[in-house]
Every structure is written in structure tokens, then in C-alpha cells.
Amino acid sequence: DKGDQGDQGPAGPTGVVSFYTATDADTASGNLLNPTTVNLYAQCNAGDFVVGGGFKVEDAGWVTNNSPSGNGWVVSAEVAGANTTVTAYAMCADTTP
């Protein structure tokens, strides 16, 4: 035998609604003997979560840090070319219903 149906339970947590990319970029100049340091932070919106990230260096330079930090992604690079653009990308999960 089955008993009576119970009351409706509370709503569960919201899930991921969508994904988006946050960016931060800077352009600098340097050379191999005297590179310029660029520090970037691509941050997700408040209440959302960083799920990945990365970088792009346009021209000459090298990345010294590429990692999650707080609610975003941090990239540090040494620029060794003229007008080199470095971009940090944070892949964010939007949890706003």
C-alpha cells in the first residue's frame, strides 16, 4: 500500500544558465634585454563562477603566470616587442536565472 503524497519540497539550487568570456587586455612595448611586465585580471560577474581561462600574446613576449585567481583568471607576461597586446580570458558560468 502507498501512503498519502507528502508536501512539496523546497526549490533546489540554481544551475548554470549559460557561459560567457570575460577579458582584460593591455598593449605595451619592450625588448628582449628590457621586457615590460604586463599583469592582467579577467573577472567574472559577481555571483558567477570562473571555470577556466587562458591568454593570447600578439607579437613578442612570454607568459610567466596563467592561473585562476578569486573569481577570475590572472595572466602575467613579459613583453619583448613593439606594441604587443596581451589578453587574459576567463571562461565564466552564469548562474543568474
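## Strands, core and disulfide in a predicted model

T85 has its place in strand β6, where strands (E, at least two residues) and helices (H or I, at least four residues) are DSSP runs numbered from the N terminus. This is a predicted model, in which local features need pLDDT of at least 70 and side-chain atom pairs count only at pLDDT 80 or more, while totals for chains, interfaces and linings use all residues. Residues are numbered from 1 along each chain as its sequence is written, and side-chain values use heavy atoms, with hydrogens and water left out.

Let us stay with T85 for a moment. This residue is buried, with a relative accessible area of 18%; buried means under 20%, exposed over 50% and partly exposed in between, with a 1.4 Å probe and protein chains only. Its contacts (heavy atoms within 4.5 Å) are D26, T27, K56, V57 and E58, not counting residues up to four places away in sequence.

**The sheet around β6**

β6 is part of an open sheet of three strands, ordered β1-β6-β3 with antiparallel pairing. Two strands count as paired if DSSP finds at least two bridges between them. β1 (18-28) and β3 (49-58) are the edge strands, each with a single partner, so one side of each has no neighbour in the sheet. From one strand to the next the twist averages 15 degrees, taking axes as lines fitted to C-alpha atoms, for helices over the stretch in contact, and angles from 0 to 180 degrees between N-to-C directions. Eleven bridges link β1 to β6 (residues 84-94) in the antiparallel sense, and S18 sits opposite D94 of β6.

T23 belongs to β1. Leaving aside neighbours within four places in sequence, T23 contacts A42, T87, A88 and Y89. T23 and L40 are 17 residues apart in sequence and 9.0 Å apart in space, C-alpha to C-alpha.

**The hairpin of β4 and β5**

β4 (residues 61-69) and β5 run antiparallel and are joined by eight bridges, with S67 opposite V74 in β5. The two strands form a hairpin with two residues between them, and G70 in the turn has a positive phi of about 60 degrees. N71 lies in the loop between β4 and β5. Beyond its neighbours within four places in sequence, N71 is in contact with Y41, Q43, C44, N45, D48, F49 and V50.

**Two polar contacts**

A polar contact is a pair of N or O atoms within 3.5 Å; within protein, one must be able to donate a hydrogen and the other to accept it, and residues adjacent in sequence count only if both atoms are side-chain atoms.

| From | To | Distance |
|---|---|---|
| T85 side chain | T27 side chain | 2.8 Å |
| N71 side chain | N45 backbone oxygen | 3.3 Å |

**Core and disulfide**

A nonpolar core is a set of buried Ala, Val, Leu, Ile, Met, Phe, Trp, Tyr and Cys residues joined through side-chain atoms within 4.5 Å. The largest one here has 14 residues, and V38, L40, V75, V86, A88, A90 and C92 have the most contacts inside it. β1, β2 (36-43), β5 (72-79) and β6 each give two or more residues to this core.

C92 also forms a disulfide with C44, their sulfur atoms 2.1 Å apart; the cut-off for a disulfide is sulfur atoms within 2.5 Å. C44 lies in the loop between β2 and β3 and C92 in β6, so the pair ties together parts that are 48 residues apart in sequence. The S-S torsion is about -85 degrees, so the disulfide is left-handed. Both cysteines, C44 and C92, are buried.
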